[in-house]
Amino acid sequence: DGCGHTVLGPESGTLASINYPQTSPNSTVCEWEIRVKPGQQVQLKFGDFDIDDSDSCHSSYLRVHNGIGPNRTEIGKYCGFGFQMDGLITSKSNEVTVQFMSGIHTSGRGFLAAYSTTGKSDLITCLENASHFSEPEFNKYCPAGCVIPFADISGTIPHGYRDSSSLCMAGVHAGVVSNTLGGQINVVISKGIPYYEGSLANNVTSKVGSLSTSLFTFKTSGCYGTLGMESGVIPDSHITSSSTLEWPNQTGQVNIWKPENARLKRIGPPWAAFISDEHQWLQIDLNKEKKITGIITTGSTLAEHYYYVSAYRILYSDDAQKWTVYREPGMGKDKIFQGNTELYQEVRNNFIPPIIARFFRINPLKWHQKIAMKVELLGCQFSIGRAPKITLPAPPQNKNDKNAEFMDDFIHSVKTSLQTDKTTFTPEIKNTTVTPSVTKDVALAAVLVPVLVMVFTTLILILVCAWHWRNRKKKTEDTYDLPYWDRAGWWKGMKQFLPIKSAEHEETPVCYSSSEISHLRPREVPTMLQTESTEYAQPLVGGIVGTLHQRSTFKPEEGNEASYADLDPYNSPIEEVYHAYAKPLPVTGPEYATPIIMDVSSHPSTPLGAPSISTFKAAGNQAPPLAGMCNKLLFRTDSASSAQALYDIPKGQPGPSRADQLVYQVPQSVAHPTVSKDE
């Protein structure tokens, strides 16, 4: 009468004293006999130990023995409040006896322990939670029997579980380990969330949880996708049932709750059986063999029809003729799955190991009012492969030997499993939503797509760089390698595109003033214009083009500037005047003809008062005034030895030979200032 929570699995289990974690009652006793496969050993780990030691382990204690029965030998006797036993107690054989005695005491919770076969050094108990481990990711082995009433969990998959939750109990809720078998869990710790949902899954209720600093999830094979009930991938014709509920409503219209209505989250009525008994079933044809890892069910989801199934069995088949009832490995009875507790909540149950089949049946065993439900199956595609070939040694001739009997039973169970129970063959499938052939294509595409993108990007960059280099080269050639001919329209259009800061000179019409260099002789003018002020740009040479922006290339005059009404220096009878500086014509000035280049430095000195002859024809066939004040000059700068002024040659003349034959260009339609004869 001293046995508490107990689950003894074939490879692992959990045992606790009566009334744990409350104070154990007085004068109670419990004895557990643990047996695993021959050739293996048993290891025992205590999660909590609190036994009264007031009488030095005389009346209250825990004793562990090697073997079972009268021939057992003692491994150790233990007692004490808050006794810490961090290590493992290992047996010498495949059998262990654990004995608990409780005498007269006033306190003491008793104990909780877990066991497993040797080789699982990462064994933990059902009391461990994520906050006990500092690693961000770790593997542990959970024993069977960790669905205990005194442990709590908060959260669900895929969002995660609160760090205060029991690791192994959360593993059962998530469907990664079985409560009757135990198993390995791969835990990942991450940052917590403000709210944890609650749900019912695998007979474990998860509670709503508040904010925590961290949470944990489980790494799995990923084979938990939906198989097509909700989405409609499974056609209506592949969903059948033993019977269908038909009934007229108040208006006389007949309502039929057909089997195709049994789609999870589908609005409307569910599937319901016409007769509510244990012989009803809902069948789903998956069209081919699938790996089925779980099922989700709800009730009718109609408030006015409070119907749901609270317990059911699962059957599966390859041909819809021969059916197999789902059982957990090592269990001699059919597994009964917990269903819904009300009509709305989604309840999940997982199959460990998974079911490999094409046809799937749900057989309701318990229900509320009527059999009615909506369903979704979880799993993934399955690739058919050959069953592994198992080679076993020949059984011994002595049939009376216990090991021989165990070997016969083991061979028989293996053969039966390979022939009928396909749930024990679980090939490793990493992709949960596509077939293996599609997986290869996806992997190939994942490699080729980035490579193609990089290649096309490189080609585009090469083309852009080549185009940019070509335009830059063309721009350079257009700026510094102009053609030898001179086209005025093109010349003006290019001025706004060429660089502003340049040592080259521009073609600028200039206007002469008579206030600065009247003391100069005619021969000194060209030299002075070229060499006097080095900080100003030299005049543009015909055929060589620099910057063409509009600005003066000559030093502005200092002091009082002479107006355009000054005496014309070329008509002055008194002094010989050459203009050292020039001012740009107004922007609104008229266009000028392109100058004709000639060398002035070789001409003889000519009086500045000589009359000017225009090569332009004035309006009205009248000759323009001879007094010209503004002329267009071009100076050569490519020769360091001499400066040459070039002037226009009048039409119809072979060329200037004397100074009085020099002809200057006068703009059309320009009003020339005249000098008063009185002055």
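This report describes aromatic pairs, charge contacts and a nonpolar surface patch in a predicted model.

**Aromatic contacts**

The count of aromatic pairs comes to 17. In one of them, the ring centres of phenylalanine 216 and phenylalanine 218 lie 5.6 Å apart with the planes at 90°, so the pair is edge-to-face, an angle over 60 degrees being required for that class. Phenylalanine 216 and phenylalanine 218 are both buried. Another pair joins phenylalanine 351 and phenylalanine 360, with centres 6.0 Å apart; their planes stand at 50°, so this pair is tilted. Phenylalanine 351 and phenylalanine 360 are likewise buried. Ring pairs also link Trp32, Phe46, Phe49, Phe100 and Phe111 into a cluster.

Two tyrosine rings carry a lysine charge. The charged end of lysine 77 sits over the ring of tyrosine 61 at 4.3 Å from the ring centre, and the charged end of lysine 120 sits over the ring of tyrosine 141 at 5.0 Å from the centre.

**Salt bridges**

The structure holds 13 salt bridges.

| Residue | Partner | N to O distance |
|---|---|---|
| Arginine 72 | Glutamate 31 | 3.4 Å |
| Aspartate 50 | Arginine 109 | 3.8 Å |
| Arginine 358 | Aspartate 285 | 2.8 Å |

In the salt bridge between arginine 72 and glutamate 31, arginine 72 lies in the loop between strand 5 (61-66) and strand 6 (73-78), while glutamate 31 belongs to strand 3 (residues 28-35), so the pair ties together parts 41 residues apart in sequence. Arginine 72 is partly exposed at 25% relative accessible area, and glutamate 31 is partly exposed at 38%.

The salt bridge between aspartate 50 and arginine 109 links strand 4 (residues 42-50), which holds aspartate 50, with the loop between strand 8 (95-102) and strand 9 (110-117), which holds arginine 109; the two residues are 59 residues apart. Aspartate 50 counts as buried, because its relative accessibility of 8% falls under 20%. Arginine 109, at 31%, is partly exposed. Asp48, Asp50 and Arg109 are linked in a network of salt bridges.

Arginine 358 in strand 26 (residues 347-368) and aspartate 285 in strand 22 (residues 282-298) are 73 residues apart, and their pairing links distant parts of the chain. Arginine 358 is partly exposed at 26%, whereas aspartate 285 is buried at 11%.

**Nonpolar surface patch**

A nonpolar patch on the surface is formed by Leu444, Val447, Leu448, Val451, Leu452, Val455, Phe456, Leu459 and Ile462, which together have about 840 Å² of accessible area. Leucine 459 is found in helix 3 (residues 436-480) and is partly exposed, with a relative accessible area of 44%.

Terms used:
Residues are numbered from 1 along each chain as its sequence is written. This is a predicted model: local features need pLDDT of at least 70, side-chain atom pairs count only at pLDDT 80 or more; totals for chains, interfaces and linings use all residues. Side-chain values use heavy atoms; hydrogens and water are left out. Rings of Phe, Tyr and Trp (its six-membered ring) pair if their centres lie within 6.5 Å; planes under 30 degrees apart count as stacked, over 60 as edge-to-face and the rest as tilted. Buried means under 20% relative accessible area, exposed over 50%, partly exposed in between (1.4 Å probe, protein chains only). A charge sits over a ring if NZ of Lys or CZ of Arg is within 6 Å of the ring centre and within 35 degrees of the ring normal. Patches are made of residues with over 30% relative accessible area and no salt bridge: like charges are joined within 9 Å, nonpolar side chains (Val, Leu, Ile, Met, Phe, Trp, Tyr) within 5 Å. Accessible areas come from the Shrake-Rupley method with a 1.4 Å probe; for residues, only the protein chains shown count as cover. A salt bridge is a side-chain nitrogen of Lys or Arg within 4 Å of a carboxyl oxygen of Asp or Glu. Helices (H or I, at least four residues) and strands (E, at least two) are DSSP runs, numbered from the N terminus.
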